[in-house]
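Please look over the following structure together with its sequence. A short report on its chains follows.

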Amino acid sequence: MLAIEAKKLTKEFQVYQSRKGLSGAFRDLLNREYRTIRAVNEIDLSIKPGEMVGYIGENGAGKSTTIKMLTGILQPTSGMLKVNGYDPHREREKFVRTIGVVFGQRSQLWWDLAVQESFQLLQKVYRIPHEKYEPHLKRMIDVLNIQELLDQPVRKLSLGQRMRCELATSLIHQPSLLFLDEPTIGLDVLVKEDIRQFLRDINQELNTTVLLTTHDLGDIEALCSRVVMLDKGNIIYDGDMNRLKREWGDGKRIVLETEREYELSELLATTEGLPVEWEKKASHTYEIRVPGDQVQVPEVLGRVIERGIAIQEMQLEEATAEEIVRKIYQEGMTID
Amino acid sequence: MVQFQLLWEYFKQYMKARLEYRWDFISQFFTDLMSQAINLVFILVVFGHTQHLGGWSRYEVIFIYGYFLIPWAVFTSFFNLWGFNDKYIIRGELDRVLTRPVHSLVQVIMESMAPESLMGVLTGSIVMGWAVWHLPLDWAWYDPLLFIMFVLGGVAVYAGIYVALTSISLYSDSKSDIQPIVYNIGTYGRYPVNIYSKIIQFVLTWILPFAFVGFYPASYLLGNGDWKVYAMLTPVIGAVFFSLGLYSWNRGIENYKGAGS
């Protein structure tokens, strides 16, 4: 059974259009105009148990709407959707026992309650038997290091502290599928790294399926082997991260710092016949762009050194996922 | 049964969180008490000028008011849905509720209950007791059972109407001002309906049947047979209106558009 299976999944919203000015407001009173917006347009998606999938797209691309359909919050306008074998909206109460949800921007905890009381209440809400609940929760508390936060009300926690508690909350009933909507938003680097490590661990140990939306492609690089990219409600890419990098990453860049200044033509001559580009960055600094697959970095460097170019420092750079995604959105996607 | 256990858990947590804001708790308690006292004084002032109101004596009207306070208190404790639009729709808390395996309305009710209003049951009983002291009433053994049924029916009438009004927010996220209006009409049920015009009587019986919350059952308990049929209809009307409320809520959840991003 697939963890998530969607066919031609679509969500439309009726948006009320207001007219301009006061007189327009009066006309709206009598006769409203509505416009239909397709937030998610016939997407097909299938995710196998144990996969970690990154779901990315610009603001308003339809990410949150998809997640809300997948978690049973919204009813799809049309299309087929099965998550963990359930129809998420129609069989909501049974279905939500099998998933965990973290919305980075919104707490899943009760604002005024201390963390442990939230946990206690959730144990009752999910009807988790005591003998199953205790050891599992204790482990969560240890791994996420939230022992000393337990007696604090949620509203007094810092964002990073809250996020760790949110993760424990979402896993309290040991779901097989975890939805994370911007789980690292606003967190500092160390906390981010902790959370990523934690997610990797639970995925490995419990084979938990994870679907993650994020603006921080570092999350995706660290966690997901597969990315699904959304633009204006359509899936424009669904495949592995490495392929995306290979085809859109524009290859690698070698930054050289030389002992003395060279003429660009001198340098160009060293790599004659190879499809690389040179650029002068500063007086002693040059950049070589090595595209895709046609040529390897060692070959290029070998040539340069062979010709007696005196290199002092060297750096190898690769396009970050961020740059790749920006580029795709700017230029439009042409690969499937 | 599980739901009641859950209600109890929420209740405990609620009281804990609520007691942290001590002054808020106490002031809410006294505000309730004050408004109940003012209503009582109002009745007493009216009877300072007249002996009868639509054929009802002073203590009978006080009895009706005291009775009304009981379903009212239960309703205001458990269906404290005033902030629903702000908290659940605009701030998006409904998303969280919908990812939990309990009926959404049950969760919302549990999260917004105000158990301190249950004190109204006590005040109502005292007011009723005071009236009964001065009235020659003769109750049968089954009257207490009817009383409980009437109270539950009355609560269901209120609950159904307010749940239906609250679920408007699920269809359209704009604020509606209809709630306070209906809330005010709701308090009409605490006086004998035969003092109102025919149209208002009709509205209070069939459209917004608040007369079933206070007057009809209370008049039966006062031994007045004129409205006996209506009194007996209380649980039925309650069931019908509560079902309507629940239906419109469930439809609303299907229509829910989600908050923001």
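## Domains of chain A

Which domains does the domain assignment of chain A give? The assignment, whose bounds come from an automatic or database source, gives domain 1 (4–246) and domain 2 (250–318). Taken over C-alpha atoms, the centres of domain 1 of chain A and domain 2 of chain A are separated by 44 Å.

This is a predicted model, in which local features need pLDDT of at least 70 and side-chain atom pairs count only at pLDDT 80 or more, while totals for chains, interfaces and linings use all residues. Residues are numbered from 1 along each chain as its sequence is written, and chains are lettered from A and ligands numbered from 1 in the order in which they are written.

## Where the chains meet

Counting two residues as in contact if their C-beta atoms, placed from the backbone, lie within 7 Å, 21 residues of chain B are in contact with 24 residues of chain A. Helix 1 (2–20) and helix 5 (93–98) of chain B each give two or more residues to the side that touches chain A, helices being DSSP runs of H or I with at least four residues, numbered from the N terminus. Helix 1 of chain B gives the most, with 7 residues.

## Annotated spans of chain B

An unreviewed UniProt entry places the feature "transmembrane region" at several spans of chain B, including residues 145–165 and 199–218; such annotations may be inferred rather than shown by experiment. Residues 145–165 of chain B are 100% helix, with end C-alpha atoms 30 Å apart, whereas residues 199–218 of chain B are 65% helix, with end C-alpha atoms 21 Å apart.
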